[in-house]
Amino acid sequence: MPDGIFPVVVLLLLAAFAIIVLVRTVRIVPQQTALIIERLGRYSRTLEGGLHILVPFVALVRANIDLREQVVSFPPQPVITSDNLVVNIDTVIYYAVTDAKDAVYEIANFIQGIEQLTVTTLRNVIGSMDLEQTLTSREEINNGLRGVLDEATGKWGIRVNRVEIKGIDPPPSIKDSMEKQMRAEREKRAVVLT
């Protein structure tokens with residue numbers, strides 16, 4: 001009996017090895033996805049959607065990049081206006097990867113890079129405006145952010161399609177002052193009308 005088990009074990013090992021080689025050789029890449037392939041540790045090529053054959057154990061998948069438009073929401077950032085008030089600003093970025101190779105090799109983490117660029121650019125743009133301008137100039141802020149982000153992320157293989165400001169929250173004391181001012185103006189109009 002022990003003599004008959006050895007050939008079966010060898011056949012099972014060969015079958016397992018053949019399956020592993022087949023799985024590592026044939027790659028099916030979904031549409032709107034790119035695979036970065038490295039051969040012996042160096043960039044070899046970028047695989048687009050479809051069926052591809054790789055050399056097993058020599059060509060390895062370094063990264064799987066989604067080419068569809070992505071949406072990233074960043075947490076509120078405290079920003080100081082030109083009249084020295086701190087406002088919290090929420091931003092949403094819409095971006096797409098245009099060059100998968102650059103997105104993998106030009107920056108370690110492009111999401112973190114976009115976030116840090118957004119924060120610093122937001123501070124520059126808002127720092128030159130007072131609170132009233134900040135509250136009324138969302139489109140101007142969005143366009144300023146988008147221009148700087150799109151220019152900076154171009155070399156990373158990223159295109160920033162849109163930047164949106166979700167919310168601008170002034171400090172609570174300023175909100176109370178604004179509400180009191182609006183209430184006083186309404187009462188003044190009511191007195192004038194009566």
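Arg 162, with a relative accessibility of 42%, counts as partly exposed, a class that lies between buried (under 20% relative accessible area) and exposed (over 50%), with a 1.4 Å probe and protein chains only. The model is a predicted one, in which local features need pLDDT of at least 70 and side-chain atom pairs count only at pLDDT 80 or more, whereas totals for chains, interfaces and linings use all residues. Residues are numbered from 1 along each chain as its sequence is written, and side-chain values use heavy atoms, with hydrogens and water left out.

Arg 162 forms a salt bridge with Glu 164, the closest N and O atoms being 3.6 Å apart; the term requires a side-chain nitrogen of Lys or Arg within 4 Å of a carboxyl oxygen of Asp or Glu. Glu 164 is partly exposed as well, at a relative accessible area of 31%. Searching the whole structure gives 3 salt bridges. Another of them joins Asp 66 to Arg 68, with 2.6 Å between the closest N and O atoms, and here Asp 66 is partly exposed, its relative accessible area being 26%. In a further salt bridge the side chains of Glu 38 and Arg 62 meet at 3.2 Å, N to O. Since Glu 38 belongs to strand S2 and Arg 62 to strand S5, this pair ties together parts that are 24 residues apart in sequence. Glu 38 is buried, with a relative accessible area of 15%, whereas Arg 62 is partly exposed at 43%.

The strands S2 and S5 lead on to the sheet that holds them. Strands (E, at least two residues) and helices (H or I, at least four) are DSSP runs, numbered from the N terminus, and two strands are said to pair if DSSP finds at least two bridges between them. An open sheet of 3 strands is arranged in the order S3-S2-S5, with antiparallel pairing. Its edge strands, each pairing on one side only, are S3 (42-47) and S5 (59-66). From one strand to the next the twist averages 25°, where axes are lines fitted to C-alpha atoms, for helices over the stretch in contact, and angles run from 0 to 180 degrees between N-to-C directions.

Within this sheet, S2 (residues 33-39) pairs with S5 in the antiparallel sense over 7 bridges. Along that pairing, Thr 33 stands opposite Asp 66 in S5, and Leu 35 opposite Asn 64 in S5. Towards S3, S2 is joined by 5 bridges, again with the two strands antiparallel, and Ile 37 has Arg 45 as its bridge partner in S3. S2 and S3 form a hairpin with 2 residues between them, and Leu 40 in the turn has a positive phi of about 55°. S2 is mostly covered, with 6 of its 7 residues buried.

A second open sheet, likewise of 3 strands, has the order S6-S7-S8 and antiparallel pairing, with S6 and S8 as the edge strands that each pair on one side only. S7 and S8 pair over 10 antiparallel bridges, and Ile 89 has Ile 168 as its bridge partner in S8. Helix H3 lies across S6, S7 and S8, running at about 40° to S6, while helix H5 lies across S7 and S8 at about 145° to S8.

What covers the buried residues of H3? The cover includes the strands S6 (70-80), S7 (86-97) and S8 (158-169), together with the helices H2, H4 (131-136) and H5 (138-153), contact meaning heavy atoms within 4.5 Å. Among the buried residues of H3 are Phe 110, Ile 114, Leu 117, Thr 121 and Val 125. An α-helix has 3.6 residues a turn, so residues three or four places apart point the same way. H3 has 18 residues and reaches 25 Å from its first C-alpha to its last, close to the 26 Å expected, a span defined as 1.5 Å times one less than the number of residues.

Asn 109, in the loop between H2 (100-105) and H3 (110-127), caps the N-terminal end of H3, a side-chain oxygen lying 3.2 Å from the backbone nitrogen of Ile 111. A polar contact is a pair of N or O atoms within 3.5 Å; within protein, one must be able to donate a hydrogen and the other to accept it, and residues adjacent in sequence count only if both atoms are side-chain atoms. Asn 109 is partly exposed, with a relative accessible area of 37%.
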